Amino acid sequence: MNHTCVSCSANFTVTPDDVALLDRISPVFGDKKMILPPPTHCPACRQQKCTAWRNERSIYLRACGMCTKNFLSIFHPDQPYNAICPACFWSDSWNPLETGKEFDFTRTFSEQFSELLKITPLLGLININTENSEYCSRAYGGRNNYLSFILLFESENILYSYYTMHCKDCTDCCVIQESQLCYEVVDGENCYRCAYSTRIRNCNDSLFLEDCIGCTSCYQCKNLHQKSYCIQNKQYSKEEYEKYLSQCDLQSAQGVAMQKDIAETFFLTLPNRAVVQINCENVTGANITNCRNSYQIFDFYESENMRYCTFGEKAHDCMDCYGFGTSEFCYCSNNMMGGNKNTFCVDTSYSSDCLYCYSCNTNASQLFGCVSVKKKSYCILNKQYTKEEYEELVPKIIEHMQKAGEWGEGFSIDIAPWAYNETEAQQYFPLDETQAAARGWKWRGKDLKEHLPPTASVPDTLSEASHELTKERFACSHCNKKL
């Protein structure tokens, strides 16, 4: 079926496979199934809406709305939200049902949910079970990390990095896993002592690599597999290799910049892979490993029957989702771990059968339009109901939303708790302030960095090499400021 996007007017297709998956995901209340309608936005606009509800890297110092202590938060202090620190949020000293309200059928769902979002305590920073890593966002376990974002599976001694899994002693890296002592590596797996490299696997003691696998002691190489002591894809002896490197100025920023230029010029002479897919079957998309029967997915691992999804692993039968894992039958949601049949949800993990919920976690289930609810079932707008009352009332609310054109649509960007340029949507779909204002979306005009803690320092327990590096001050090669 051909459709026209209601946002950008682009033509897009809703396939029979899309409709079939939506039918499997559609929620059931008693003996009544509420069918999810085909999307009205094109895939790009659907992802824009989803990522506009995800703030990963805009962080500020503000007071906890409960204990009043200062902490680092993803909510700007001038925003009308009751952000609380992780310790208070996960405690049992408060009850999110205290802000519950009955659904008002004379008003839209969006209006009522927006009000609930502003009065209910919100988790100010996703930082769970970490040690000496309080200046990190979306950190799950790990220790001695600083100003890094999306840290998974016990990352340790990570500086200024994004999306690391099982990594240690790495700085300025992006999307790496099972790696140690790496610097400026993008898309690396199982690497050791590598730097200035992109798309590398099982590599050691190498510099300036691109798309290499199983290389040791290689320099400025591309598309090599299982090689050692190579320079620009040519084989050398160990002595020749070490002599060449000793003549390169790798101790200064200028020398490194020059070697980067040389490497990039050489890389342009070699072919590029059209798409990165490893051990995949019947898949379209890029940066995919061990996936099957999926359409338009990106940065995914070990998943199947996925459609229009980005950044995830070990999931199946999901559509239009971003940043999640070990989930199934989810739609138009972001940041979910261990989710089952969650639809139009944000930051709702280890929960099931939730609709239009924000930050509902820890074995929550059968929730509709709830905020920050944990370990509860059969709640609507944070108000408790019996199972029978819930299954009778929710279909009526959905019918009300159908009349208002809300059912089947994700959360609107204009009620998101962040300015557009604070979210991941700005990374994928960049706008300027004028363009955002024309669409009625909020904008953060000031420098985002000015609200970082003035006394923030690198943790003392970092490895000696990393700690010594932070003591030396360099001049930025672009603006000449001291770093």
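## Close-up views of a predicted model

**View 1. L367 faces C379 across a strand pair.** L367 stands opposite C379, a residue of β31. Here β30 (residues 365-368) and β31 (residues 377-380) run parallel and are joined by three bridges. Two strands count as paired if DSSP finds at least two bridges between them. Strands (E, at least two residues) and helices (H or I, at least four) are DSSP runs, numbered from the N terminus. A quick note on the model: it is predicted, so local features need pLDDT of at least 70 and side-chain atom pairs count only at pLDDT 80 or more, while totals for chains, interfaces and linings use all residues. Residues are numbered from 1 along each chain as its sequence is written, and side-chain values use heavy atoms, with hydrogens and water left out.

**View 2. Zoom out to the open sheet that holds this pair.** Four strands make up an open sheet, in the order β29-β30-β31-β32, and the pairing is mixed. At the edges sit β29 (352-355) and β32 (383-384), each pairing on one side only.

**View 3. β16 has parallel partners in β15 and β17.** Strand β15 (residues 174-177) runs parallel to β16 (residues 183-189), with three bridges between them. Look for I176, which stands opposite G188 of β16. Five bridges link β16 to β17 (residues 192-201), again in parallel. In that pair, V185 stands opposite S197 of β17.

**View 4. Helix α1 has a buried face.** Within α1 (residues 16-25), the residues D18, L21, L22 and I25 are buried (under 20% relative accessible area, with a 1.4 Å probe and protein chains only). Down the axis of α1, its buried residues fall within an arc of 100° (taken from the directions from the helix axis to the C-beta atoms), so they line one face of the helix. These buried residues pack against β2 (11-13), β25 (304-313) and β26 (316-319), where contact means heavy atoms within 4.5 Å.

**View 5. Here is the second largest pocket.** It holds about 600 Å³ of space, the volume filled by probe spheres set on the grid points, which are joined across faces, edges and corners. A pocket is an open set of points on a 1 Å grid over the protein atoms alone, where a 1.4 Å probe fits, with protein on both sides within 12 Å along at least five of seven lines; lining residues have an atom within 4 Å of a point. Of the 31 lining residues, Y140, L152, N335, M337 and S349 are the closest to the centre. β27 gives the most to the lining, with four residues.

Technical notes: Buried < 20%, exposed > 50% of the residue type's maximum accessible area, 1.4 Å probe, protein only.
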